[in-house]
Structures are given as C-alpha cells and as structure tokens.
Amino acid sequence: MKNDKSVCSATLELLEKTQAEDLSTAFSRADKLKPCNIGGEGVCCKMCAMGPCRLPKAQQDKGQTGVCGATADTIAARNFLRMIAGGAASHSDHGREVAQVFLAMARGESKDYQIKDEAKLMKLAAELEIPTEGRTVQEIAVDLGEMMLAEFGRQEGELCFIKRAAEKRQELWRELGVVPRGIDREVVETMHRTHMGVDQDVRSLLLQGARASLADGWGGSMIGTELQDVMFGTPVPLRSKVNLGVLKEDQVNVIVHGHEPILSEMLVVAGRDPEILKAAKAKGASGINIAGICCTANEVLMRHGVPIAGNMLQQELAIVTGAVEAMVVDVQCVMQSLPEIAKCYHTKVISTSSKARITGATHMQFDEHHALDSAKKIMLEAVNNFPNRKGKTNIPAASTDLIAGFSHETINYMLGGRFRGSFRPLNDNIINGRIRGVAGVVGCNNPRGPHDAVHLAMVKELIKNDVLVLQTGCSAIACAKEGLLLPDAAKEYAGEGLAEVCETVGIPPVLHMGSCVDNSRILTAATEMVREGGLGDDISDLPVAGAAPEWMSEKAIAIGQYFVSSGVFTLFGVNWPTTGSEEVTRFLFEEMEEIFKGKWAFEPDPIKAAQRMIEHIDEKRKALGIDKARERVLFDMDMRREAQAG
Ligand code: BF8
C-alpha cells in the first residue's frame, strides 16, 4: 500500500515501523482526530464563561451572535489577533532571552559566551548611534545589550529597528498609527483588546494585529537575529548534511531540538570536550554526534555546520530509530508526546528551560551563567545512556548534502563579489529578467497534508520559473532533504535565467537563511534591495512574494502578518483560520492591500499557489516597467531552442 503521508523516504521508512508496532505519532493522531470545523474557521469564541459561543454560517444566517452580542466577524478577528500575539510573544521572548544572555556576556557575568563578530557589533553601534570612540568592545556591547533589552519594555516612541525600513514604508506605518511602541506593550495590548467587551471593530482589531506583528518582525525577531550573530557569529556558507541518516550507529547521538541557540551553542562546545569524548569512549562509543531538529537545528547548522536530523514532523521518528541517547529540548515546537514514545526506547528527553517543563522528561535546568558546565552535565547524561540502547537500531540510510549559511550579509558579498559587496548584481539580474523575482518560502510542517510535499512542489515550480527562493525554518529542511540547497540543483530544476546566475555566482537556487526568527533577515535583504535602487522605493514595489505552504503554528501567522504589513504578498496553504467570517477574510485578502500594499492569500495547491506568486511578481515587474526585459530574455531562449532543434 502506498503511504502518502510524506515524500521523505526516511520518514516513510520509520512511519511503517510505527504503524507495524502500533505507536502513536502526529501522523496517526491527525488521522484519528478530525479538526473542529467551527474552530478551524475562526468562529468559536471561548474568551469568557458565557460561552463558548460557536457561530458557523448557519447560525450567522439566523442573525445569531455570541451571548455578549459579538458578531462572527469580531470573533474571527479576535481569534486571528490572538494567534499573532502568541506568535509575536514566542519569537520575542526568544529575542529577550538572547538579549539577557548578551548583556550578561558583555558585563562579564557569563564567561562562556564571547563576541564572535566584532565587525557586526560596530556596525550595529554605528546604526544605533552608540558612541564607540575610545571605548572598549565590552563597553559598547553593554550599551547595545541594554538598548536592545529596553525595546521589550519600551512604553512610548518607536522601536529602533523601524528606521531600517524604507522611508516610504515608515511614513505609511506612522500615518496608520501602527508603528510598534514597545514589543511587550503591543502583545499585551493585543491581549487586552481581544478580551471580552473591548475592541469590537474589525479594522481597528486587525490594525493592532499588524502593529503587534511588526513588533515581532522588526523588533523581537530582529533583535534575536542581530545579537545572536554578534555573539555566535554571522553565518557564512558551509556544507553539511540533512535527514535521519546523519545519526551514527557507533556514536552517542544527541539531538538538539527547539529554538534558542543559547544552549545548543554550548552543547556543540561540550560535544568536543576531550573529557566528554573520553567518557563516551569508555562507554563503548566511537564519538559524539550532535544533530538538530526544528529551528535550533537551523541555528547550529548555519553557524557550525551541525547536521540536521529532520524537521518538525520527524521529531518523534528520530526517537523511533532507537539510536538517540538524548533529545535535548528548550522551547517551542516540542511535542508533548516525546516522553511517551521515548518509553519504548532508551532515549532520554531532557527539558532545559524553566518556561517549558515537560511531564515525563528529565529536567536539567540550563544556567547561562555557568553555560558550559550545564552543557557538559547534559552531555554526560547522554553519554551514560549509550550502553542502554535496546536491541537493533533503525537508522534510515537517507542523508543529503546541503549548503547553508546565507545571511543577508553573505548574499550581499556573494552576489556583489569580493571588491564591491552590494545587492546591485541581484537587482541588475532582476531588472534584466534573468531572475524573475524573489520568493521567501518558509514555515512549518503540518500532518494535515503530505509532509514536505507541498514545500517541494511549490519551490520547484518557483525556481523552474526563474524565481530565486529564500528559505528559513522547516521548509528549508524539507528542501535540503531534496537536494535543492546545492548549486547543482540549479541545473536540474531552475529555469535558464536563474540557472545562469546561480552557475556564475556559485550559489544554489534555494538559499537557506536560517531559523524562523531569521525571517528578519529576509526583511533586511528586501530593504537592501530597495535601497540599492532600480526596483521602486518600497518593499511593496519589489517583484517578491512570501509563502508558508505547510504552516501550523501561531508564529507562522505572526510572521505572515509582518510580511503583509511590510508590503509583501503572502500566501498560506493547509487551511485558513478566518473562513467563518467573510468580512475578516475579505479584509485580510483584499483591503490589506489598499492599506499596506501587501496582502494575505490562501491556496492549498502548491502549483496553483506558486503560479499566483509568479503572477504577483509579474504584475510588480510590469508596474516597474521591467516586464519587457524579461520577454526579451524569454524570446532569446526560444530562439536558442529553435536553433538547437533545427
Ligand atoms: O520556528 S521549528 S515547525 S514554528 S518552522 Fe514551524 Fe518548524 Fe516550528 Fe517556526 Ni521553525
């Protein structure tokens, strides 16, 4: 029987094992548990004890409202806002954690971390007008850390990275009153406004959603990315491997899973410690193998080339290999089922964050003031578990090479060349039509559709049509498994124009830019493209589009909304969480465009979705007056083909 749950061979192989052994996974639970239609459409209000009030279309047609009088439209808008608030809070709390550790490092209180990218520190200091003359690096770093941390609790004014956006965009945000004042303030106000009996107007609610999302993209996430780069190094291209085949039979396998690189950075150091390696050998292992899952994986891949074991839907399956000594988790995207499935194997699930305690897991609190000691203790726990493996392991053979590490600084350097790092060559290739446009394809996996399949179909369709793809998150992991993150993929999958650029520069047609907080890198790259000139004067003028075709988390909605609020056409797959309200859906899909010159769209079919993104890109090319250049390129290609055929 053909298994259509995934297109990833390693996933299918282990899913068969779970099916044969009757083990519960997200895939089997999704089969058993049908989603609630009314909740899925966004028209169930459970925000007070007079309800929950459920208002499907049939109820709406009868004029039914919630007990308090709330309409389905207000309810759908409030639910949507709470998703944004949840997402913005998650990214931003990650950013805050990073800022706190950064400050502790700068003050000399956390000795195991250092400044790895001093040049970036100085660039940030100049941008934020932090004095540098005659001051030590540490003093500058303390100022930067304090300034960034203050962004979370800021009560008035504007977040400082807002000034990074194109002038025109900043003006638009100011006119609309959606410039975030402080990160925490916008999340709190969103929660307040969506409480029973507060904000009831769809437009007013959705504009606050936009403001909270901007506090994420241009605030919490951007702070996280920038400070991580200073502290752990700005990514540069490097080679690594992906998929469950990276696990090693003869080594202690430690999986880092979650989001914040604070801990995983130290685990990488601890994994190379001679004492720990000696302990591993004493237990009969030939070494220590660290691999990642989810966005923590992307963080340590980007900076250290640590291999990736898999994306979100592979977390349980990694344990099913029977080869994982410890799965070390921090926050976000960690399934509660992990300790349950781990009972069938020897794997220790180790929780490390006081914010994320997991019943059935071993809790080993990570202390960033004694980071390396904490990491070593966790490593030893894994090492000591090596002799407890139960019987034969089942490590799938699948593993694929990849190239990652495309920060916007790297793209600038690679496309601009050694002597003139700039976005000029990228812009020129867009203007001359070799590159049709740029798409950000990001986000999660979702077992409501075939795992990875939607990402792959969409990305292949885009690059076939000469659209350069930028990636983060679990989407990047899906494409890496397919080999799309290798320069050779250009020859095999990309259109002629894009392939030519990739070959000349030596880049893949799909560029891995990092974790979900690193979507802020895409905002920065898009802004740099605007600044470089020739493609309009705002992000909304660029021939670009965004997508999260297999999204599942609230964070994805927050990201999507900050892209829309920044002027990007953003398309989601799977399902759309406001379909129960025509007004809210119309507002997001149509009116947002009038307001922000960016809008939401929904299309679960990946090919149709890619075509809509391409149509949007072509419309932008036309508005810029560069559509003719591309027609010429295409004409030339046809001519060449004809000549070859003749
Ligand atoms: O942080 S790990 S499932 S939420 S994409 Fe999605 Fe993947 Fe989670 Fe974004 Ni990253």
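How many bridges pair β4 with strand β7 (residues 324–329), and in which sense, parallel or antiparallel? The views below come from a predicted model, in which local features need pLDDT of at least 70, side-chain atom pairs count only at pLDDT 80 or more, and totals for chains, interfaces and linings use all residues. Residues are numbered from 1 along each chain as its sequence is written, and side-chain values use heavy atoms, with hydrogens and water left out.

**View 1. Strand β4 and its two partners.**
β4 and β7 pair in the parallel sense over five bridges. Helices (H or I, at least four residues) and strands (E, at least two) are DSSP runs, numbered from the N terminus. Two strands pair if DSSP finds at least two bridges between them. Six of the six residues of β4 (residues 252–257) are buried, so the strand is largely enclosed by the rest of the structure. Buried means under 20% relative accessible area, exposed over 50%, and partly exposed in between (1.4 Å probe, protein chains only). In a regular strand the side chains alternate between the two faces of the sheet. In β4, Val252, Val254 and Val256 point one way, while Asn253, Ile255 and His257 point the other way.

**View 2. Strand β10 against strand β3.**
Strand β3 (residues 238–242) and β10 pair in the antiparallel sense over five bridges. Leu238 stands opposite Ala404 of β10. Four of the five residues of β10 (residues 400–404) are buried, so this strand is largely enclosed by the rest of the structure.

**View 3. The six-stranded open sheet.**
The strand order is β13-β12-β11-β14-β15-β16, with parallel pairing. β13 (510–512) and β16 (600–602) are the edge strands, each pairing on one side only. Neighbouring strands are turned by 25° against each other on average, direction ignored. The axes are lines fitted to C-alpha atoms, for helices over the stretch in contact, and angles run from 0 to 180 degrees between N-to-C directions. Strands of a sheet pair through backbone hydrogen bonds, either parallel or antiparallel. In this sheet, β14 (residues 544–548) and β15 (residues 569–572) pair in the parallel sense over four bridges. Leu571 in β15 is the bridge partner of Ala547.

**View 4. The shell around the ligand.**
The ligand is surrounded by 13 residues. A residue is near a molecule or strand if one of its heavy atoms lies within 4 Å of it. The closest are His259, Cys295, Cys333, Cys474 and Cys516. α13 (294–304) and α20 (473–481) are the elements that give two or more residues to the shell. A polar side-chain atom of His259 lies 2.5 Å from an oxygen atom of the ligand. For Lys555, a polar side-chain atom lies 3.3 Å from a ligand oxygen atom. The shell divides into eight nonpolar residues, four polar and one charged. Ala, Val, Leu, Ile, Met, Phe, Trp, Tyr, Cys and Pro count as nonpolar, Asp, Glu, Lys and Arg as charged, and the others, Gly among them, as polar. Domain 3 (238–388) and domain 4 (403–624) each supply at least three residues of the shell. These domain bounds come from an automatic or database domain assignment.

**View 5. Helix α18 and the residue after it.**
Six of the eight residues of α18 (residues 424–431) are buried, leaving the helix mostly covered. The buried residues are Arg424, Pro425, Leu426, Asn427, Asn429 and Ile430. Just after α18, Gly433 takes a positive phi of about 90°.

**View 6. Thr190 in helix α9.**
Thr190 belongs to helix α9 (residues 183–193). Thr190 is buried, with a relative accessible area of 0%. A polar contact of 3.1 Å joins the side chains of Thr190 and Gln208. A polar contact is a pair of N or O atoms within 3.5 Å; within protein, one must be able to donate a hydrogen and the other to accept it, and residues adjacent in sequence count only if both atoms are side-chain atoms.

**View 7. Arg107 in its loop.**
Arg107 lies in the loop between α5 (72–106) and α6 (118–127). Arg107 is partly exposed, with a relative accessible area of 43%. Its C-alpha atom is separated by 9.5 Å from that of Gly145, 38 residues apart along the chain.
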